[in-house]
Amino acid sequence: ASKQPARSNSSDAALGITIWKMWPSTAADVARLLVLDPNSGSKVEFTPHRIEAGDVLGIGDRVRLSVESPANGFLYVVDQELYSDGGLGPPYLIFPVNETRGGDNRVLAGQLVDIPEQSDPVNAFTIKPKGPSDRGEKLTVLLSPGPIPEIPLVRDARPLSNAIFRSWLQQSQSRSEHFELADGRGRSWTKAEQEAGSDPKRLLTLI
C-alpha cells in the first residue's frame, strides 16, 4: 500500500489519511463492522486495524480509508497499480462514485470521511491484482476547493484520462510532508472513530 501526501490550498493544513486493514473481530474489539463476504453472500464482523504506507497487503485482503479534512472542499481519490519494474498503471478514480456516499464528495473542515462509507452495500475494498506484474497500489488523495468539472459522476471506479490526472497534479502541487502516527501500526478502530465516520454532521475538534 502506498499513499501520496495530500494537502489543501492552505500552506499549513494537511489531510489526515488512515489506511485500515480488516481483520475478523475478536471478543476484545470494541468497534466492529459488518462486511459482505462475496463468497457466501452473508455479512461477517470485521474490525479495522491501522497500517502504514508501504505495509504489504495480500491478495484478498480487505481495506478501508478514513480521510480527515482540514478545510471545506471536494474530495477525490485516484488509484494506480504499482508494477514490479517500478512503473505505474493508468489512473482510476475510485472516489467519488455513486456506490460510495451516494456520490457525495463534498467535505467540511474537521469532517472524517470513510471510504467506502460504513453503510455502503460494499463497505471495504478487496485487493485484487489486475496482472502478474502488479506489486502494489498507489493512492493519490486530492482536496479541491470546488468540484472538478471534467468528471461526470458514475456508478463505480472508472479510468481517468492521463492528461486530466496530470493537470490535477500540476494544479495541486505544493510542499508536502509524510507523517505516520506514533505507535499507530496495528491499532484497532475505536468507538469514537466509528461514530465520527458514520455521522457526516459530526466534526473533529481540537481539545
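Reader: Where does Trp168 sit?
Author: In helix α1, which covers residues 162–171. Keep in mind that this is a predicted model.

Reader: Is Trp168 buried or exposed?
Author: Trp168 is buried, at 4% relative accessibility. The cut-off for buried is under 20%, so the 4% of Trp168 qualifies.

Reader: What does Trp168 touch, leaving aside neighbours within four places in sequence?
Author: Its contacts are Tyr76, Val78, Leu93, Leu142, Ile148, Glu150, Ile151 and Leu160.

Reader: And how far is Trp168 from Ser144, C-alpha to C-alpha?
Author: The separation is 9.3 Å. Along the chain, Trp168 and Ser144 are 24 residues apart.

Reader: Which element holds Ser144?
Author: Strand β11, residues 134–144.

Reader: Buried or exposed, that Ser144?
Author: Buried. Its relative accessible area is 16%. Ser144 counts as buried because the cut-off is under 20%.

Reader: What does the side chain of Ser144 reach?
Author: The backbone oxygen of Gly146, at 2.5 Å.

Reader: Which residues is Ser144 in contact with, beyond four places in sequence?
Author: Gly73, Phe74 and Tyr76. Tyr76 is also on the contact list of Trp168.

Reader: Let's zoom out. How many helices and strands does the protein have?
Author: Two helices and 12 strands.

Reader: What pattern do they follow along the sequence?
Author: The pattern reads β-β-β-β-β-β-β-β-β-β-β-β-α-α.

Reader: What share of the residues is buried?
Author: Of the 207 residues, 43% count as buried.

Reader: And the contacts with a separation of 6 or more: what share comes from residues 24 or more positions apart?
Author: That share is 74%.

Reader: What about accessible surface?
Author: The protein has about 11300 Å² of it. Carbon and sulfur atoms hold 53% of that surface.

Reader: Which lining residues are closest to its centre?
Author: Val63, Phe125, Thr126, Ile127 and Lys128. The lining has 45 residues.

Reader: Which strands supply at least two residues each to that lining?
Author: There are β3 (33–36), β5 (62–68) and β6 (73–83), along with β7 (92–95), β10 (125–126) and β11.

Reader: Which one gives the most?
Author: β11, with five residues. That is the strand in which Ser144 is found.

Reader: How does the lining of the largest pocket split by class?
Author: It has 23 nonpolar, eight polar and 14 charged residues.

Reader: What about phi at Arg101?
Author: Positive, about 55°, although Arg101 is not a glycine.

Reader: Is Arg101 buried or exposed?
Author: Buried, with a relative accessible area of 12%.

Reader: And where is Thr100?
Author: Thr100 is found in the loop between β7 and β8. At 6% relative accessibility, Thr100 counts as buried.

Reader: What does Thr100 touch, not counting residues up to four places away?
Author: Phe95, Ile115, Pro116, Glu117 and Asp120. Among them, Ile115 and Pro116 are joined by a cis peptide bond.

Reader: Last topic: which strand has Val44?
Author: Strand β4, residues 43–51.

Reader: How accessible is Val44?
Author: Partly exposed, with a relative accessible area of 31%. That class applies because 31% lies between the limits of 20% and 50%.

Reader: Which contacts does Val44 have, leaving aside neighbours within four places?
Author: Leu33, Leu34, Val35 and Asp37.

Reader: And how far is Val44 from Ser25?
Author: 8.8 Å in space, C-alpha to C-alpha. In sequence, Val44 and Ser25 are 19 residues apart.

Definitions and conventions. Residues are numbered from 1 along each chain as its sequence is written. This is a predicted model: local features need pLDDT of at least 70, side-chain atom pairs count only at pLDDT 80 or more; totals for chains, interfaces and linings use all residues. Side-chain values use heavy atoms; hydrogens and water are left out. Helices (H or I, at least four residues) and strands (E, at least two) are DSSP runs, numbered from the N terminus. Buried means under 20% relative accessible area, exposed over 50%, partly exposed in between (1.4 Å probe, protein chains only). A polar contact is a pair of N or O atoms within 3.5 Å; within protein, one must be able to donate a hydrogen and the other to accept it, and residues adjacent in sequence count only if both atoms are side-chain atoms. Contact means heavy atoms within 4.5 Å. Accessible areas come from the Shrake-Rupley method with a 1.4 Å probe; for residues, only the protein chains shown count as cover. On a 1 Å grid over the protein atoms alone, a cavity is a set of points where a 1.4 Å probe fits but cannot get out, and a pocket is an open set with protein on both sides within 12 Å along at least five of seven lines; lining residues have an atom within 4 Å of a point. Ala, Val, Leu, Ile, Met, Phe, Trp, Tyr, Cys and Pro count as nonpolar, Asp, Glu, Lys and Arg as charged, and the others, Gly among them, as polar.
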